[in-house]
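Here is a friendly walk through one protein model, written for someone who likes to know how each value was computed. Please keep the viewer open as you read.

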Amino acid sequence: MVDSQPFLSPSRDVLLPTSYGSLHDGADKPDRRRRRPIKGLVAVASGLLMVALMAAIFGTKIRHEDPTNGNVSTLSSSTLREQPAAVTVKPLSRGVSAGVSEKTNRLFGGENSAAFPWNNSMLSWQRTAFHFQPEKNWMNDPNGPLFYKGWYHFFYQYNPNGAVWGNIVWGHAVSKDLIHWLHLPLAMVADQWYDQNGVWSGSATILPDNRVVMLYTGSTNESVQVQNLAYPVDPSDPLLIKWEKYSGNPVLVPPPGINKKDFRDPTTAWLTSEGKWRIIIGSKINKTGISLVYDTLDFKTYERLDGILHGVPGTGMWECADFYPVSEVSNEGMETSANGLGVRHVVKASLDDDRHDYYAIGTYDEKNSKWYPDNPKIDVGIGIRYDYGIFYASKSFYDQNKRRRILWGWISESDSELADVRKGWASLQGIPRTISLDKKTGTNLLQWPVEEVESLRLTSSEFNDVQVTPGSVVPLDIGTATQLDIVAEFEMDKKALEETAKANYTEFSCSISGGAWQRGALGPFGLLVLADDIRSEQTPVYFYIVKGSDGNLKTFFCTDQSRSSVASDVNKQIYGSFVSVLEGEKLSVRILVDHSIVESFAQGGRACITSRVYPTRAIYGAARIFVFNNATEATVTTSLKIWQMNSAFIRPFHPEKKRPSN
C-alpha cells in the first residue's frame, strides 16, 4: 500500500482522548497544599460552568474515540466533570546530593511541564511481559549476577518503599534460564553504620573452591562511600537466600586525594599470576574519570597499587566500572581471570555526567596494572557505547554454565516521576545479552539477546521479498503487536546506491536530524512499531545511508521517539549511531517489543538501541506494525519473520512452600 503522505508532521495536531479515570485507590495524588494560580482557577471554573450550561440547554453529547480499540462511545457532560485537573510537573533531582548519578528523568519537557492525564488502562499496559522488573517500586543498577548450583542469581538496587530512588537495598531473584524469574526476599538491607544511607552497587566473585564473595559500596551514616564484604550464610543453599556482612566492614575507604562521594562500585575480582585477587573501583580526579586498582589475598585486607588502571580526561566520574577478557578466536565467553595470547580486554564505565555506558577494547599489562586502548580516539567515554538509547549501570558476568559472558543493563523510565508514582513502579532490566568480540571488524563488541528468550516465541508470520517503494508505508497483518520478536533484512536498490556514491558528501546524525521525517536519497527506511492504524503514534526503527566525508557510503541506525506518544510528559528523543556494514552484508535488525520497551540490534549486534515509549493509542489490540521507506530515490526490498511472544510469568517465590525445581 502506498501512502501519499506516509509520515504525519510532528507538529500536526492530534485529537486526544477526552476522558480519563483516576486510580482506584486514589494514591499519590498531587499535593493539595500546592497553591494554584487564581487566574487558573477562575478559568477552570468558568470553563466547567460553560460546559454545564451548554449541556443543560442543548443536551449536547460528545463523541469519544477509545484509543485502545477505535470504538466510538458517547460521553455526557457529567463524565467531563469527573476528569482530573492538569498538574504542572517540576522534576526533582534525586541521587546527586547523595553521591550517585541523577536518578530522575529531566528531559521530557524542561523544568516545568504539564502532566498528561494518564488513566489506569494506559499505565497498566506499560508493564512488561518478559523483561525483569520487581512486583512494585523503584529499581536501578544490576548487581552481583552469577550462576551458582544450577541457578542464575540476579541482585539489583531497590527501594522497597516507593517508586522513586531512595532507601536503597538489594533485591534478589533467581532463574533457571535468565528469563523466568522468581522473586526472593531482600538480600541485604541498610542496617549498619557503613551502609546506613544505602546498600549500593557491587559485584560477585566465585572462588576456586566455589565459595561466593560479594563486594559492594555502602553509603555511611555520614555519606562517605566505602567498600564492604558480604557472603552467603549457607553456601549449601542454591538459592543463597541469607547473606552475612563481614564484621570488619568497611574493608576499603576513600584513599587520600579522592572525594568521599567519588569512590564506588567495585568490580568482580580476577586472579593475577601471583595468586592475588585484583579489583578496580571507579572514581575521578577533577574531570578525569579513573579506575583505582587494589590487590587482595582474602578480600578483607587490600593493597592499593600505584597509579590507576586507566583514566580518560574530561569523562568525569566513572560509575559501575567493568573489566573483562574477550577471545580473539572464539565466540565463547572467557572467565574473568583469563589472560595471555589471543585475549584482549574490555574496560567499561558508566559516565555519571551523561548517564551512558561506554567501552573500549585494548591490552592489559598485568605486571604494571595498566590497560591501554587499541585506538585512543575511541577510548572509554569518548568512543563506543554499549547502547545508544537508554541503557546504564551495566554489569557483566561469566556464565560458566554455558561458557558465555552475559551483560545486564538498567533501563530507566523516560516518563514523568508523577506517572511512575501513580503506576507504582519504575524501571526495567534489559533482556540479558551475550557479548563477544566482533571478529570481522576487531574494533567493537557484538551484543545479542540470550538464546533462552526464544523459548517465549509463539506463532510466527513471514513476509518475503516485500517491495517498498519511495515514500510508502506497508502494513503487516500479524494481529496484536505488543509482544514481538522481529527479525528483518533489507536490501537497497543497487542503482540508487551507485548514484548516491557519486553525489556530494552529506552530514548526518540520528540525534540532531529530523528523525524518520527527514527524507534523503537512501533513507530512512525500516519498521514502525507500536503504531496505531492512522499512525498518530509510532516508533520508527530505521536505517539511513549517506555519503560520508571520506567518499564512502555510511550507514546509520536510529530509533525515533518523536511521535511515539501524544503524551506531553515523556521523553521523545531520537537515538542512534553509525553502524559498520561490511561488503556482502545485508542490512539486518532484530527488535524485541515488550509493551513500553523496544530493544533493537543492528548488524548482528554491532549497534544497539533501547527505547522506552509510552503510547496512549497504540496499546493492547490497537498496536500495529508497518514497514516504511521514506527515501526519495530508492526502492527497498525486505524480508521479515515476526513471532508473537509469551509472558515470562515472573512471580514471587514463597519460602513456606515447596522449593522450586524449575
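## Ground rules

This is a predicted model, in which local features need pLDDT of at least 70, side-chain atom pairs count only at pLDDT 80 or more, and totals for chains, interfaces and linings use all residues. Residues are numbered from 1 along each chain as its sequence is written, and side-chain values use heavy atoms, with hydrogens and water left out.

## The four-stranded sheet

Let's start with an open sheet of 4 strands, ordered E9-E10-E11-E12 and paired in the antiparallel sense. Strands here are DSSP runs (E, at least two residues) numbered from the N terminus, and two of them pair if DSSP finds at least two bridges between them. Strand E9 (199-206) and strand E12 (243-245) are at the edges with a single partner strand each, so one side of each has no neighbour in the sheet. From one strand to the next, the twist averages 30°; the axes behind this angle are lines fitted to C-alpha atoms, and angles run from 0 to 180 degrees between N-to-C directions.

Within this sheet, strand E10 (residues 212-219) pairs with strand E11 (residues 225-232) over 6 antiparallel bridges. Tyr 216 faces Asn 228 in E11, and Leu 215 stands opposite Leu 229 in E11. The two strands make a hairpin with 5 residues between them, and Ser 223 in the turn has a positive phi of about 60°. On to E12: E11 is joined to E12 by 3 bridges, running antiparallel, and Ala 230 has Lys 245 in E12 as its bridge partner. How many residues of E11 are buried? The count is 7 of its 8, so E11 is mostly covered, where buried means under 20% relative accessible area, exposed means over 50%, and partly exposed lies in between (1.4 Å probe, protein chains only).

## The six-stranded sheet

Another open sheet has 6 strands in the order E30-E39-E32-E33-E34-E35, with antiparallel pairing. Its edges are strand E30 (472-475) and strand E35 (574-578); each has a single partner strand, so one side of each is left without a neighbour in the sheet. Here the twist averages 15° from one strand to the next.

Strand E32 (residues 522-531) is paired with strand E33 (residues 539-547) through 6 antiparallel bridges, and Val 529 sits opposite Thr 539 in E33. E32 also holds Pro 524, and the peptide bond from Gly 523 to Pro 524 is cis, with omega near 5°.

## Strand E31 and its partners

Strand E31 (residues 483-492) is largely enclosed by the rest of the structure, because 7 of its 10 residues are buried. Antiparallel to E31 runs strand E36 (residues 587-594), joined to E31 by 8 bridges; Phe 490 has Leu 587 in E36 as its bridge partner. Strand E40 (residues 636-645) is also antiparallel to E31, with 9 bridges, and there Asp 485 is the bridge partner of Trp 643.

## Cavities and a buried arginine

A cavity is a set of points on a 1 Å grid over the protein atoms alone where a 1.4 Å probe fits but cannot get out, and lining residues have an atom within 4 Å of a point. The largest cavity holds about 80 Å³ of space and is lined by 13 residues, with Ser 201, Gly 202, Ser 203, Cys 320 and Lys 395 nearest its centre. Strand E5 (137-148), E9, strand E18 (318-327) and strand E23 (392-399) each give two or more residues to this lining.

Arg 433, in strand E27 (residues 433-437), counts as buried at 0% relative accessibility. The side chains of Arg 433 and Asp 387 are joined by a polar contact of 2.8 Å (a pair of N or O atoms within 3.5 Å; within protein, one must be able to donate a hydrogen and the other to accept it, and residues adjacent in sequence count only if both atoms are side-chain atoms).

## Backbone details to look up

Most residues other than glycine have a negative phi, and most peptide bonds are trans. The bond from Asn 249 to Pro 250 is cis, with omega near 0°, and Pro 250 lies in the loop between E12 and strand E13 (270-271).

Lys 149 has a positive phi near 50°; Lys 149 is in the loop between E5 and strand E6 (151-159) and is partly exposed at 42% relative accessibility. Phe 649, not a glycine either, has a positive phi of about 50°. Phe 649 is placed in the loop between E40 and strand E41 (651-652) and is exposed, with a relative accessible area of 52%.

Definitions and conventions. 1 Å grid on protein atoms, 1.4 Å probe; cavity = no way out; pocket = protein on both sides within 12 Å on 5 of 7 lines; lining within 4 Å. Points joined across faces, edges and corners; volume = space filled by probe spheres on them.
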